[in-house]
Amino acid sequence: MKRLSLALLVVFLAASVAGAQHIRIGGFGGNDTIIVEEMIELFVRPALEGTGITVQYEPVADDFQRYIINALSAGTAPDLFYMDVLWAGSLIQSGVVEPLNAYLEKSTVLKPEDIIPSLLDAFTVDGTIYGIPKDFNTLAVFYNKDLFDYAGVEYPNNEDTWDTFYAKLEQVAAIDPDIYGLALQPEFARFGALAFAAGFTPFNAEGKSDLSDPAFVEAFKWYTGMAETGVGVMPQDISQGWGGGALASEQVAVALEGAWIIGALKSDAPNLQYGACLMPKHPGTGQRGNFVYTVAWGMNAASAHKEAAFQVLEILTSPEVQQWVLERGLAIPSREALADNPYFQQDDPEAQANYVVFLGASDGNVLPFSFGSYGGDWTGPIDQALSAVMSKQATVEEALQEAQQRLDAVMGR
């Protein structure tokens, strides 16, 4: 069936909802407040005119995860709310999030196949869908063109393996003692994508996390080894807080980041000539690895206006809204059909970098940045191990043994 435009939604909404219903929407504060309120004014309210449905955005400036957990427990939560992939699992398991399969089956404007599969899978449990991703990010290779040009080295590209990628970084790092190839953030949030490329999965068939897995160890040694050889450097060692800051300082040639780096580079390094490509492939598996960082719209299972809330959700994730978000450079859309969007064909670094990030969600071993009910506690021991090795406080063997013990404690084993 041909998808209906946002304008035609009004007819269906008016026919299916009777009486006044006020839908509360909960989300992040900060920049999201202006963005979502403008989105509501431009798209949601016009589409709901005459239906009796009104909407209100309720931004939360502080810890949103803590807020939504407390509000759902107290019965004061909004009808629709953000669910970050990192902690959505524990929320879903608690039974406070409404299953959406029945609503999607009846919808004429939103179907599961409309959404990039790896994104929807992140909010699906045993075949039941609990959230509709509103947008997302993946990791990409962001590189300083000038440094590669100065070194006379070919830019990183989509065909790079770990071997060719390392060789390029090594050559750039050789041009000056104060220049490094890669920003080595001591975080599973970056390193983990490489482990996935090698074939590692956070939880094996028995539900355990095995840091002695050869794929994990190989990726760990490859990543941390760059600190030992000087091909890479931790951002903190060059007085930077993250990979984007290191790239903007022009002390490193490459950072593994998502589209969030684009705004930072525009602000902090407006003259930096940069490019982006997909993550390098593992030379043995031939696969890339990547994370999906995403936030979905979830529905309160205790909402008194579920049908109306879902209709608002349809508008918030409509092609028109996602096109507006994309063209403003705010986020990468979750609808698969936008892969052929004219925006991605523009000849400017921002559009091209966003397209690379978009493609990253469907290329290789792509897993959500989610670790079940353990949340961010799961990554902590690995982060500590990365930092310990790269700061020469422990050997790889010592660090991984300690990390396994800490991880087992987190998982109650």
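**Overall fold and nonpolar core of the predicted chain**

Among contacts in the chain between residues at least 6 apart in sequence, 76% join residues at least 24 apart. The model under discussion is a predicted one, and its secondary structure comprises 17 helices and 14 strands. Along the principal axes, the C-alpha trace spans about 70 × 50 × 35 Å. The radius of gyration of the chain is 22 Å, which agrees with the value near 22 Å that a compact globule of 413 residues would have.

Of the 413 residues in the chain, 54% are buried. The accessible surface amounts to about 17200 Å², and carbon and sulfur atoms account for 49% of this area. With regard to charge, the chain carries 22 positive and 52 negative charges, whose mean positions lie 5 Å apart.

In soluble globular proteins, nonpolar side chains tend to be buried together. In the present model, the largest nonpolar core contains 145 residues, of which Phe-188, Phe-191, Phe-216, Val-254 and Val-312 touch the most other members. Helix α9, spanning residues 188-198, supplies the largest share of this core, with 9 residues.

The surroundings of Val-254 were examined individually. When neighbours within four places in sequence are left aside, Val-254 is in contact with Val-141, Phe-142, Tyr-143, Phe-148 and Pro-156, with Phe-165 and Leu-169, with Gly-181, Leu-182 and Ala-183, and with Leu-247.

Key:
Residues numbered from 1 in each chain as written. Predicted model: local features only at pLDDT ≥ 70, side-chain atom pairs only at ≥ 80, totals over all residues. Heavy atoms only, no water. Core = buried A, V, L, I, M, F, W, Y, C linked by side-chain atoms within 4.5 Å. Buried < 20%, exposed > 50% of the residue type's maximum accessible area, 1.4 Å probe, protein only. Helix = DSSP H or I, 4+ residues; strand = E, 2+ residues; numbered from the N terminus. Contact = heavy atoms within 4.5 Å. Rg over C-alpha atoms; globule rule 2.2 N^0.38 Å. Areas by Shrake-Rupley, 256 points an atom, 1.4 Å probe, with all protein chains shown as cover. Lys, Arg positive; Asp, Glu negative; His and termini not counted. Charge placed at Lys NZ, Arg CZ, Asp CG, Glu CD.
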